[in-house]
Amino acid sequence: VATPDTVKAHPMVKSITDSVKGIPLEQVFDIEFAKPVLHSPLAAAISLRDSAKVTVPSALRWLSASDAQLVPAVPLRSKEWYQIQVTMDSIQDYAGNRWKDSTLRLRFQSLDLRTTGTVEGAVVDNGKKGGHGPIYVAAMSVGANQMYEKAIRLPLPGSFTLEQLPEGKYTFKGFRDADSSGSYSFGRPFPFVPSERFTVVSDTIKVRARWGVEGVVLKFR
């Protein structure tokens, strides 16, 4: 006789711990459930609220049967406390397991723009083969307590500006999105498809609060 499934689907907001500070103003919140859940009851059960407990307009986007994204319709305000709230009794798996009446709350503070800086640079690509597709440029923090990454999309080579980078050291990389998938493609051996072209800046760049760094160049060879 099969053992009945009695395990409840616990939710987890990935990459965020309670009372964490410095969350980017354009953050998308990844929510993962321990197992597949019914989607429709959760449409109004997951919310984002500001310090005055006012609900921030957001959309719940499902990526799979157990993974979703909470996407705010507007950027967060600088250095303000927010709260993600999940009404637990709305979580139900396909075996009918559900939580009793309770609420999960996760508090965090948004990034203080006074602690951020700006990086300006340019992308250069003189190559003829593989020289097509939009370009994604990303800055990644080095040695920070909390990993931070910010990316922008450029339609063509040229100048770029990355704003609202928390003070610290960063590495920079970029790739040409030849298949317009929005993510880096490694290619395949058969039928042969080459990997997308990428580049990195060998030096780390120091970003200071309220200052701008210029002259960062990403070259596709």
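These legends describe close-up views of one predicted model. In this predicted model, local features need pLDDT of at least 70 and side-chain atom pairs count only at pLDDT 80 or more, while totals for chains, interfaces and linings use all residues. Residues are numbered from 1 along each chain as its sequence is written, and side-chain values use heavy atoms, with hydrogens and water left out.

**View A. The largest pocket and its lining.**
About 660 Å³ of space lies in this pocket. A pocket is an open set of points on a 1 Å grid over the protein atoms alone, where a 1.4 Å probe fits, with protein on both sides within 12 Å along at least five of seven lines. Lining residues have an atom within 4 Å of a point. Grid points are joined across faces, edges and corners, and the volume is the space filled by probe spheres set on the points. The lining of the largest pocket counts 24 residues. Pro24, Glu26, Gln27, Val28 and Glu149 lie nearest the centre. Strand 3 (29-33), strand 11 (149-154) and strand 12 (158-166) each supply at least two lining residues. Strands are DSSP runs (E, at least two residues), numbered from the N terminus. Strand 11 gives the most, with 4 residues. By class, the lining holds 11 nonpolar, 6 polar and 7 charged residues. Here Ala, Val, Leu, Ile, Met, Phe, Trp, Tyr, Cys and Pro count as nonpolar, Asp, Glu, Lys and Arg as charged, and the others, Gly among them, as polar.

**View B. The second largest pocket.**
The space here is about 330 Å³. Of its 14 lining residues, Tyr136, Ala138, Glu149, Lys173 and Phe175 are the closest to the centre. Two or more residues come from each of strand 10 (135-142), strand 11, strand 13 (168-176) and strand 14 (198-200). Strand 11 gives the most to this lining, with 5 residues. The lining divides into 8 nonpolar, 2 polar and 4 charged residues.

**View C. The largest nonpolar core.**
This core has 25 residues. A nonpolar core is a set of buried Ala, Val, Leu, Ile, Met, Phe, Trp, Tyr and Cys residues joined through side-chain atoms within 4.5 Å. Buried means under 20% relative accessible area, exposed over 50%, partly exposed in between (1.4 Å probe, protein chains only). Phe29, Leu48, Ile91 and Phe108 touch the most other members. Strand 2 (20-23), strand 3, strand 4 (46-49), strand 7 (81-87) and strand 8 each give two or more residues. Another core, of 19 residues, lies apart from this one and includes Val201, Ile205, Val207 and Leu218.

**View D. Gln109 in strand 8.**
Strand 8 spans residues 103-110. Gln109 is buried, at 11% relative accessible area. Beyond residues up to four places away in sequence, Gln109 touches Val20, Lys21, Gly22, Ile23, Lys79, Glu80 and Trp81. Contact means heavy atoms within 4.5 Å.

The peptide bond from Phe190 to Pro191 is cis, with omega near -10 degrees. Ser180 is not a glycine, yet its phi is positive, near 55 degrees. Ser180 counts as exposed, at 54% relative accessibility.

**View F. Backbone at Ser19.**
Ser19 lies in the loop between strand 1 (11-13) and strand 2. Its phi is positive, about 70 degrees, although Ser19 is not a glycine. At 35% relative accessibility, Ser19 is partly exposed.
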